[in-house]
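Here's a quick tour of a structure, meant for reading with the model open beside you. Have a look at the sequence and the fold, then come back for the notes.

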Amino acid sequence: MTPATAAADFAKRLDQTAADTEALLGQLLSDALLPDEIARPKRLMDAMRYSSLSGGKRLRPFLVVESSAVFGVPREAALLAGAALECIHCYSLVHDDLPAMDNSDLRRGRPTLHRKTDDATAILAGDGLLTLAFDIITRDEIHRDATVRLLLTRALARAAGIGGMVGGQMLDLAGEGRFGDREPVDVARLQQMKTGALLRFACIAGAILGKAPQAEYQALDDYGRALGEAFQIADDLLDVEGDPAALGKPAGADAALGKTTFVTQLGVAGARKRVRDLLANADAALSIFGDKGDVLRAAARFVAERKS
Ligand code: GRG
């Protein structure tokens, strides 16, 4: 495949997965009760739908679907696992936007959920999305082997929790000086937890669902780590030089908070060079898959060069 064909194929596949994920989330967040549920309060459901439907690149579900495709995992199962992961991603954005965290007014070009509603509703909508993710990821349709479902669920919990995203957020706030003096920040480790862990999970999810041999699991793990860091550096670069219209939120938030980022540590040129090195690492990791790794190779490029 030429690079241009791979890029076009990538764009089509990303759009298709975004549409499929949107439709699936719409079903999962319908008003219909699941067994053992007593009621789905309208205000809660409206808030969960507001923050999870109509927007977002759906990059994490895409990576779950494409890492799964490498092993021939049924698309429907991968989409369901991707929807669970997207629920966690959307919850993190809702909570991150709250006054007690980043206090943001805009997200994906619209008022943030707590601005649209109120803080309590936004907290509960985030809690609802986090909990729903674990309802979804344990469903029988994910995999007929309960051990595979358990491994996937545990991996998701570790990516989202103390040693992953939540822990990374805590380190981030401490580095901003929220709890007293600014604590020293190891940017690479912080971001590996805060942003990288969910992206890495998306990449190893296919290997878990496909019961991949260790070498192939490790290849996706290495690829996921490189992609996660490239994603965050791109995010830091966008905060310095991005277009607010494309971003759907103002740029310059990191500088306003005096945050230590890859750009403050490496400078713009150094950050760009690091992204190039990470893309080379991602390509090298995928070499074990031959042509079957083409879409994931294109995904790493997309992540590094994105404008939003
Ligand atoms: C509050 C528990 C808790 C965690 C928050 C990941 C995180 C931790 C907060 C997200 C805040 C943020 C803007 C981080 C920068 C990287 C990032 C996750 C950007 C948004 O992800 P995209 O670009 O968003 O995939 P879309 O809108 O496309 O889904």
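Leaving aside its neighbours within four places in sequence, which residues is Leu63 in contact with? The list is Leu199, Ala202, Cys203, Tyr223, Leu227, Leu296 and Ala299, where contact means heavy atoms within 4.5 Å. A heads-up before going on: this is a predicted model, so local features need pLDDT of at least 70 and side-chain atom pairs count only at pLDDT 80 or more, while totals for chains, interfaces and linings use all residues. Residues are numbered from 1 along each chain as its sequence is written, and side-chain values use heavy atoms, with hydrogens and water left out.

- Helices here are DSSP runs (H or I, at least four residues), numbered from the N terminus.
- Helix H3 is largely enclosed by the rest of the structure, because 10 of its 11 residues are buried; buried means under 20% relative accessible area, exposed means over 50%, and partly exposed is in between (1.4 Å probe, protein chains only).
- Among the buried residues of H3 are Leu59, Pro61, Leu63 and Glu66.

- Thr21 sits in helix H1 (residues 3–28) and is buried, at 0% relative accessibility.
- Not counting residues up to four places away in sequence, Thr21 touches Arg58, Pro61 and Leu79.
- Arg58 also forms a salt bridge with Glu86, with the closest N and O atoms 2.9 Å apart; the rule for a salt bridge is a side-chain nitrogen of Lys or Arg within 4 Å of a carboxyl oxygen of Asp or Glu.
- This pair links distant parts of the chain, with Glu86 in H4 and Arg58 in the loop between H2 and H3, 28 residues apart.
- Glu86 counts as buried at 1% relative accessibility, and Arg58 counts as buried at 1% too.

**Other salt bridges**

- The count comes to 28 salt bridges by that rule.
- Lys42 pairs with Asp46, the closest N and O atoms being 2.5 Å apart; both lie in helix H2 (residues 42–52), 4 residues apart, about one turn of the helix.
- Lys42 is exposed at 59% relative accessibility, whereas Asp46 is partly exposed at 32%.
- Arg297 bridges to Asp294, with 3.3 Å between the closest N and O atoms; the two are 3 residues apart in helix H14 (residues 294–305), so about one helical turn separates them.
- Asp172, Glu176, Arg178, Lys194 and Lys259 are linked in a salt-bridge network.

**Where H8 meets H9**

- The axes of helix H8 (residues 165–175) and helix H9 (residues 187–209) come within 7 Å and cross at roughly 145 degrees; axes are lines fitted to C-alpha atoms, for helices over the stretch in contact, and angles run from 0 to 180 degrees between N-to-C directions.
- On the H8 side, the residues involved include Met165, Leu171 and Asp172, and on the H9 side they include Arg189, Met193 and Lys194.
- The contact residues divide into 6 nonpolar, 3 polar and 3 charged; Ala, Val, Leu, Ile, Met, Phe, Trp, Tyr, Cys and Pro count as nonpolar, Asp, Glu, Lys and Arg as charged, and the others, Gly among them, as polar.
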